[in-house]
Amino acid sequence: MPGTLYVLGTPIGNISDITIRALDVLGEVDFIAAEDTRVTLKLLNKYEIKKPLVSYHDHSSRLCAEGIINRLICGENGAVVTDAGMPCISDPGEGLVKLCYENDIPVKVVPGPSAVVSALAISGLSTSRFSFEGFLSVTKKQRTEHLEEVKNNTNTMIFYEAPHKLVSTLKDMLEYFGDRRISLCRELTKVYEEVIRCTLSEAIDYYETKSPKGEYVLVVEGAKPDEKPECTLEEAAGMARKLIEEGMKTIDACKKTASETGYRKSEIYQIITANSGK
């Protein structure tokens with residue numbers, strides 16, 4: 001009879017955010033599959049738990065996953081954990097769970113902290129309906145396709161982002177979403193936990209002068225239902241031309257007009273440059 005895989009949530013920052021059940025399961029399983037064994041070892045040492053650790057992360061081979069599955073098939077019980085939060089959410093544990101179901105191995109969840117829900121709860125934005133969008137791709141084509149796909153989503157949207165990519169992501173969001181409200185949550189449950197509530201343009205201005213630090217959860221206001229621009233694209237281009245005539249740079253005029261009309265900066269820029277012969 002096969003063993004059981006426990007999908008087990010761990011603290012997202014404060015090491016005290018661990019449940020009694022999670023500690024019990026960690027102490028009872030035969031092995032623990034961890035994203036980073038060094039991070040998990042700190043947690044186990046804190047609570048004096050000694051269990052074999054198996055490295056399982058984004059770059060683990062299929063052979064590694066099959067090794068874990070074979071142990072479960074042979075009757076061992078295992079837990080899969082991530083460095084912080086719930087495994088399988090934007091996490092390689094997802095593939096392990098699929099393999100378990102393919103091999104008729106029971107899977108149980110031991111719930112714990114989640115950065116997604118925690119950030120949403122303190123964002124100050126609507127929580128009635130939301131969508132988790134994970135990380136935007138670093139590949140420009142996939143990135144723009146993703147933003148284009150969700151720009152009319154009326155649900156509150158939640159993204160993960162690393163500090164070194166934060167400003168470029170905010171700029172891309174401003175271009176596709178317009179100047180919406182956003183809550184930038186960083187270092188949740190840690191000593192320097194911070195939530196900044198502002199608009200996308202204000203966030204860009206802030207982080208262009210202050211270096212982003214820590215991992216971010218971005219909670220972005222959804223599109224307004226049936227939101228339609230109050231002017232045509234040609235009229236928006238006319239507004240931008242007027243700003244250019246007043247001395248504003250073309251790209252800045254397009255950006256300002258985009259935030260006021262709901263059209264994309266690139267759409268307005270294309271109209272202006274096409275008509276001017278640039």
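In which helix is Glu235 found? Glu235 belongs to helix α9, residues 233–245. Helices (H or I, at least four residues) and strands (E, at least two) are DSSP runs, numbered from the N terminus. The model is a predicted one, in which local features need pLDDT of at least 70, side-chain atom pairs count only at pLDDT 80 or more, and totals for chains, interfaces and linings use all residues. Residues are numbered from 1 along each chain as its sequence is written, and side-chain values use heavy atoms, with hydrogens and water left out.

Glu235 counts as partly exposed, because its relative accessibility is 45%. Buried means under 20% relative accessible area, exposed over 50%, and partly exposed in between (1.4 Å probe, protein chains only). Glu235 lies 62 residues from Met173 in sequence. In space, the two are 23 Å apart, C-alpha to C-alpha.

The protein has 11 helices and 10 strands. Its C-alpha atoms fill a box of roughly 75 × 40 × 30 Å, taken along the principal axes. Of its 278 residues, 46% count as buried. Contact means heavy atoms within 4.5 Å. Among contacts with a separation of 6 or more, 70% join residues 24 or more positions apart.

Strand β1 (residues 5–8) holds Leu8. Leu8 is buried, with a relative accessible area of 0%. Not counting residues up to four places away in sequence, Leu8 touches Ala22, Val25, Leu26, Val80, Val81, Gly85, Pro87 and Val110. Leu8 and Val80 are 72 residues apart in sequence, yet 6.1 Å apart in space, C-alpha to C-alpha.

Strand β7 (residues 156–161) contains Glu161. Glu161 is buried, at a relative accessible area of 1%. Its side chain makes a polar contact with the side chain of Thr169, at 2.7 Å. A polar contact is a pair of N or O atoms within 3.5 Å; within protein, one must be able to donate a hydrogen and the other to accept it, and residues adjacent in sequence count only if both atoms are side-chain atoms. Leaving aside neighbours within four places in sequence, Glu161 is in contact with Phe135, Arg143, Leu166, Thr169, Glu215, Tyr216 and Leu218.

Arg143 is also one of the buried residues of helix α6 (residues 140–150), together with His146, Leu147 and Val150. Seen down the axis of α6, the buried residues fall within an arc of 95°, so they line one face of the helix. The arc is that of the directions from the helix axis to the C-beta atoms. An α-helix has 3.6 residues a turn, so residues three or four places apart point the same way. The buried residues of α6 pack against β6 (130–135), β7 and α7 (166–177). On the other side of α6, Lys141 and Glu149 are exposed.

The largest pocket holds about 950 Å³ of space. Of the 35 residues that line it, the closest to its centre are Ile12, Asp83, Ala84, Gly85 and Glu215. Two or more lining residues come from each of α2 (37–46), α5 (115–121), β7, β8 (181–186) and β10 (216–220). Helix α2 gives the largest share, 4 residues. By class, the lining has 18 nonpolar, 7 polar and 10 charged residues. Ala, Val, Leu, Ile, Met, Phe, Trp, Tyr, Cys and Pro count as nonpolar, Asp, Glu, Lys and Arg as charged, and the others, Gly among them, as polar. On a 1 Å grid over the protein atoms alone, a pocket is an open set of points where a 1.4 Å probe fits, with protein on both sides within 12 Å along at least five of seven lines; lining residues have an atom within 4 Å of a point. Grid points are joined across faces, edges and corners, and a volume is the space filled by probe spheres set on the points.

Most residues other than glycine have a negative phi. Phi of Glu48 is near 55°, a positive value. Glu48 sits in the loop between α2 and β3 (53–55). At 72% relative accessibility, Glu48 is exposed. Phi of Glu187 is likewise positive, near 55°. Glu187 lies in the loop between β8 and β9 (194–199). Glu187 is buried, with a relative accessible area of 19%.

Helix α10 (residues 250–261) includes Thr261. Thr261 counts as buried, at 10% relative accessibility. Its side chain reaches the backbone oxygen of Thr257 at 2.8 Å.
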